[in-house]
Amino acid sequence: METTSRVGAQAPATGGAGEAPTARRTVDGYLLAPFPWYGLDEAFTGPRWLMQVGTTADGTVEHGSIGHGDEPSVRSEGTADTERFAVVVTVATNPVRRSSDGTGVLDATSVSSAAWLAGVGLLSYTWPSQMDHTLRDDWLDQQTETAWVLADDLGSADWATLSLPVDGVPTQFHYRESEYGWVLAGSTQGGVHLGAYGRGMSAYGLGFSEVKDVEELA
């Protein structure tokens, strides 16, 4: 997360429909994290799977994602929504601090960090049908910047508020919908920020809880 322009967050890897499984990391990265991981609570009984972790230059784990439901593929506008998935992004709470080599500053993480990561995560599984394949990178760059602008102003009219349980405690989240799916972000009493995104699965009935044994998801 060595950046001065993205509230300390790195974008998830993006790519084609066949790249989601190969983008996964082993459970080792999750086990190295100095913070708890979160996923959907026990009310969700479907499949769960590890996605990827984000690290600083010195290898410190700062965020990661856990998927629930169908493994998403890239969706074109106008196609039928047959996939049902929700991805939960956990972001460590960190202040502004020096980089490991002492040459720069790492931005503080915040709810905006989680909102941006979730927004970009949803974009990585979206492809406007009217767009030529060769233009998708430009489209993603543009939409990533838009996701950053939205995440940086969580008090704007683009966001609604939604109360969802986290470890059984009602928690306020910022929430927005688009033609591509939904995104939400908030903070927990456990000292981490949470982002989430999904499609085909309503956000209104979701709850979150700490993952007790992340190795079970590997």
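## Close-up views of a predicted model

**View 1. Strand 9 and strand 10 of this predicted model lie side by side as an antiparallel pair.** Strand 9, made of residues 160–166, and strand 10, made of residues 169–178, pair in the antiparallel sense over seven bridges. Along this pairing, Leu164 stands opposite Thr171 in strand 10, and Leu162 stands opposite Phe173, which also belongs to strand 10. The two strands form a hairpin with two residues between them, and in this hairpin Asp167 takes a positive phi near 55 degrees.

**View 2. Strand 10 also pairs with strand 11.** Strand 11 covers residues 181–187, and its pairing with strand 10 is antiparallel, running over five bridges.

**View 3. Phe173 and Phe208 form an aromatic pair.** The count of aromatic pairs in the model comes to six, and one of them is formed by Phe173 and Phe208, whose rings are tilted, with 5.4 Å from centre to centre and 40 degrees between the planes. This pair links distant parts of the chain, as Phe173 lies in strand 10 and Phe208 in strand 13 (residues 208–210), 35 residues apart. Phe173 is also the residue that Leu162 stands opposite.

**View 4. Helix 2 packs against helix 3.** Helix 2 consists of residues 111–123 and helix 3 of residues 136–151, and the two pack at an angle of about 155 degrees with their axes 9 Å apart. Because angles over 145 degrees count as roughly antiparallel, helix 2 is described as roughly antiparallel to helix 3. The crossing in which helix 2 passes helix 3 is right-handed. On the side of helix 2, the residues in contact include Trp116, Gly119 and Leu123, while those of helix 3 include Arg136, Trp139, Gln143 and Trp148. By class, the contact of helix 2 with helix 3 has nine nonpolar, four polar and one charged residues.

Technical notes:
Residues numbered from 1 in each chain as written. Predicted model: local features only at pLDDT ≥ 70, side-chain atom pairs only at ≥ 80, totals over all residues. Heavy atoms only, no water. Axes fitted to C-alpha atoms, helices over the stretch in contact; angles between N-to-C directions. Helix = DSSP H or I, 4+ residues; strand = E, 2+ residues; numbered from the N terminus. Parallel < 35°, antiparallel > 145°, perpendicular 65-115°, else oblique. Left-handed = near helix turned anticlockwise from the far one by under 90°. Contact = heavy atoms within 4.5 Å. Nonpolar A, V, L, I, M, F, W, Y, C, P; charged D, E, K, R; others polar. Pairing = 2+ DSSP bridges. Phe/Tyr/Trp six-rings, centres within 6.5 Å; stacked < 30°, edge-to-face > 60°.
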